[in-house]
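Please open the structure in your viewer and keep the selection panel at hand. The tour goes from one selection to the next, beginning with the surroundings of the ligand.

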Amino acid sequence: MLLPQSIPCDLLSHPLLDQKQVELQVLRLDKVHPEVTGNKFYKLQYNLHEALSQNHRQVLTFGGAYSNHIFATAAAAREVGLASVGIIRGEELDAQNPTLSFARAAGMTLLGISRESYRQKSQADFLENLRKQFGDFYLIPEGGTNALAIQGTREILSASHSSFSHFLTPIGTGGTFAGIATSLLPHQQLLGISALKGEGIREELTDLLNIEGIQSPGNLTVLTQYHQGGYAKWTPELIDFIHWFWDEFAIPLDPIYTGKMAFACWDLLQRNHFPPGSRIGLIHTGGLQGIRGFTQRTGIALPSP
Ligand SMILES: *Cc1c(COP(=O)(O)O)cnc(C)c1O
């Protein structure tokens, strides 16, 4: 089993934090497991438990070719003794892709499918065909967000975090945001930093919170202005910021999620968003495995652990 971990916390020290009279800590979910890192650890733990208790032998899931979810699912399934199948968006599976190489080495069976087929991934007949091809499986949706994933992400915050006033987390599908929202205390504020371009995520989150029956005791805000061009897009400012953050604090950030969140935090800090006395927790959701693939695609080197 993947057992709950205590989360290492780094207290940052910088003149701007003194000047604004705020405290900033990073909750290092990237360190909870050597391979099943970040929020994916929490999103997968109850799903794998459920797969085992339903006597499944394998799990099947979906993702992009550089997906943190694919990487983590392959490692987690192997750890608990389940076989795994990864359905990858895009027909050509690049033999050099470090995420897919890792997944394959962890025993995951990979199938690349066209972007058109990929869009049908929630349809019953499509899943039925996959069952014919691979045998029965426990299905984990793309991005891993479902009720059991949220049950896991509720456990990110614990009593040891009760004195924080603000938390920041990146948003992809919102499963992590939803879980943290559930476990906020009334005096706490959660800022979700969307990694996607556009306002659509607000409605998706509202729907997700409604479906899961979540009414947060705390205060929720979603910010959509820090996407840096869109999902998996980047700007030179973001790249510079990630290098700067590493030089200052020796904490690596990924360019897809955590880099954008930390960038947002620093920007909000400069704009006096956080009142004096604030205790801010940055939720480092991991994603560092993606750096190798990012460097391969763009030629841009980034600090990694
Ligand atoms: C998957 C992922 C996210 C997005 O999580 P959601 O629960 O889908 O919002 C954020 N950060 C990292 C590093 C991720 O891998």
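**Around the ligand**

Begin by selecting α2, which gives the largest share of the shell around the ligand, 3 residues; helices (H or I, at least four residues) and strands (E, at least two) are DSSP runs, numbered from the N terminus. This is a predicted model, in which local features need pLDDT of at least 70 and side-chain atom pairs count only at pLDDT 80 or more, while totals for chains, interfaces and linings use all residues. Residues are numbered from 1 along each chain as its sequence is written, and side-chain values use heavy atoms, with hydrogens and water left out.

Next, select the 15 residues that surround the ligand, the closest being Lys40, Lys43, Asn68, Thr173 and Thr285; a residue counts as near if one of its heavy atoms lies within 4 Å. The shell draws at least three residues from each of domain 1 (9–35 + 150–298) and domain 2 (39–144), with bounds that come from an automatic or database domain assignment.

Now show the side chains of Lys40 and Lys43: a polar side-chain atom of Lys40 lies 2.7 Å from an oxygen atom of the ligand, and a polar side-chain atom of Lys43 also lies 2.7 Å from a ligand oxygen atom. Then move to Gly174, where a backbone N or O atom lies 2.8 Å from an oxygen atom of the ligand; a polar contact with the ligand is a pair of N or O atoms within 3.5 Å. Finally, select α2 (39–53), β7 (166–171) and α8 (175–182), the elements that give two or more residues to this shell.

Terms used
Polar contact = N/O pair within 3.5 Å; in protein donor to acceptor, adjacent residues only side chain to side chain.
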